[in-house]
Amino acid sequence: MKRFVLLLLFFVSDEMMAQDNTRTAWLHYMDKVARPVLGNLAANTLKEQMPLVLSERVDNKEVRSKVAYLEAFARTLCGIAPWLQQEEGDAYEKNLRQQYRELAVKALSNAVNPSAKDYMQWNGGQPLVDASFLSFALVRCPWLWEHADSTTKKNVQSAFLQTRNTVPSYSNWLLFTGMIETFFCKYNLPYDKVRIDFAVKEFSNHWYTGDGMFADGNNFHLDYYNSYVIQPYLQCIVTVINSKDSSYKTFAPKLDKINKRYAVIQERMINADGSFPVTGRSITYRGGAFHHLANMALLHLLPDELTPAQIRNALTAVLKKTFDATNTFNDKGWLNIGLAGSQPGLAEGYINTGSLYLCSQIFLPLGLSPQDDFWSKPAMPWTAVKIWSGQDVKADHAADL
């Protein structure tokens, strides 16, 4: 028992032991990641100031160069959207949130304004991907949609409608067009239900492989796309549409079981030092690999065997492991390509500076009140810490539906 306590104290820092300090530490990480993106876009200087670093194996330099800015904006906003929606916090946090709300309103306006220097690219394959992250952000943060002026709202709709010209590939990309239509549905705007239904039914009827994971199209890939995209998107789409017409009321309970099982798997993938298996593509999204786990914590959907406090501590370890590594940021505060520092060799051909900001999805639990169990309960070890310190735990088992 003494060995267990000593090891827990080693892996759980002072910041993690003091819940108020933990939330403050998360806010500092979030601010460090998000401010260069939203601050510059709000000032209409994102294209001037964001360094455009492309993969050494870039697959289409011209296209990647144009869409990088939308990637940075949409992915950042998607991750901090629940926090922008939140009202609680101490004076520091409330002041910081007010700053970011003002930045977000201006940034959104510039991104969709054809007359702005930072007007984004909306036509093409990659713009479909990142228009969906922006639409997801607006679903997560009604405050931002409600505080956008009428011109910005019209421009947002125009931008999203342009993505209908792109046919998504037969993979998780079906969820990108589905999410954009879900945005229209949520705000009672005309939407194409077929685009949503096709996406949901392909996953629900054909692509579930078992034990809490979906294939990405016809083939299963051992990567983090169940977390980057598939399960958070499905959960949101199904919830929003069911609130309107109950189209997926029979699928929802099954999806919940799948989501809970994958949350268990994700928690067990976080090693005692905050590292995690480096497998599959897009690994340079860093902590975005735990989009699903963070989302389940945000929505109070964690399975019974996972406590919010242990998820807080596990995700804090991931934050420290990925953001505290040397050369994670350049000298101007922008993310470098890599997982643990600057590692350009890890980048696929589609990776660029903007892509990296998918890491912001790990910040989703900041959308919970400071009084929520996630933040207020005493520190608890996650599974890897328990096991590798010699503590006895229950065996893991596959989940059959």
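Helices (H or I, at least four residues) and strands (E, at least two) are DSSP runs, numbered from the N terminus. This is a predicted model, in which local features need pLDDT of at least 70 and side-chain atom pairs count only at pLDDT 80 or more, while totals for chains, interfaces and linings use all residues. Residues are numbered from 1 along each chain as its sequence is written, and side-chain values use heavy atoms, with hydrogens and water left out.

Figure 1. Leu174 is found in helix α10, which covers residues 173–186. Leu174 is buried, with a relative accessible area of 4%. Here buried means under 20% relative accessible area, exposed means over 50%, and partly exposed lies in between (1.4 Å probe, protein chains only). Apart from its neighbours within four places in sequence, Leu174 is in contact with Pro168, Ser169, Arg195, Phe198, Ala199, Glu202 and Trp207. Contact means heavy atoms within 4.5 Å. Between Leu174 and Ile230 the C-alpha to C-alpha distance is 9.7 Å, and the two are 56 residues apart in sequence.

**Figure 2. The whole chain, for orientation.** The chain has 17 helices and two strands. Its radius of gyration is 20 Å, close to the 21 Å that the globule rule gives for 401 residues, so the chain is as compact as a globular protein of that length. The radius of gyration is taken over C-alpha atoms, and the globule rule is 2.2 Å times the number of residues to the power 0.38. Along its principal axes the C-alpha trace spans about 65 × 50 × 45 Å. Of the 401 residues, 59% are buried. Among contacts with a separation of 6 or more, 77% are between residues 24 or more positions apart. The chain exposes about 15,800 Å², and 52% of this comes from carbon and sulfur atoms. Accessible areas come from the Shrake-Rupley method with a 1.4 Å probe; for residues, only the protein chains shown count as cover.

Figure 3. A pair of aromatic rings is described by the distance of the centres and the angle of the planes. Rings of Phe, Tyr and Trp (its six-membered ring) pair if their centres lie within 6.5 Å; planes under 30 degrees apart count as stacked, over 60 as edge-to-face and the rest as tilted. By this rule there are 30 aromatic pairs. In one of them, the ring centres of Trp26 and Phe374 are 5.9 Å apart and the planes stand at 80°, so the pair is edge-to-face. Trp26 lies in helix α3 (residues 19–42) and Phe374 in helix α16 (residues 373–376), so this pair ties together parts that are 348 residues apart in sequence. Trp26 and Phe374 are both buried. Trp26 also pairs with Trp375, with centres 5.0 Å apart and planes at 85°, so this pair is edge-to-face. Trp375 lies in helix α16 and Trp26 in helix α3, so the pair ties together parts that are 349 residues apart in sequence. The relative accessible area is 0% for Trp26 and 2% for Trp375, which is buried.

**Figure 4. A cluster of aromatic rings.** Which residues do ring pairs link into a cluster? They are Trp122, Trp145, Phe160, Phe183, Phe184 and Tyr187.

**Figure 5. Salt bridges.** Side chains of opposite charge can pair when their charged atoms come close. A salt bridge is a side-chain nitrogen of Lys or Arg within 4 Å of a carboxyl oxygen of Asp or Glu. The structure holds 19 salt bridges. One of them joins the side chains of Lys117 and Glu48 (2.9 Å, N to O). Lys117 lies in the loop between α6 (91–112) and α7 (125–140) and Glu48 in helix α4 (residues 46–49), so the pair ties together parts that are 69 residues apart in sequence. Glu93 forms a salt bridge with Arg97, and their closest N and O atoms are 2.9 Å apart. Both lie in helix α6, four residues apart, about one turn of the helix. Glu93 counts as buried at 2% relative accessibility, and Arg97 is buried at 3%.

Figure 6. The side chains of Arg195 and Asp192 meet in a salt bridge (3.0 Å, N to O). Arg195 counts as partly exposed at 23% relative accessibility, and Asp192 is partly exposed at 25%. Salt bridges that share partners also join Asp211, Arg261, Arg268 and Asp396 into one network.
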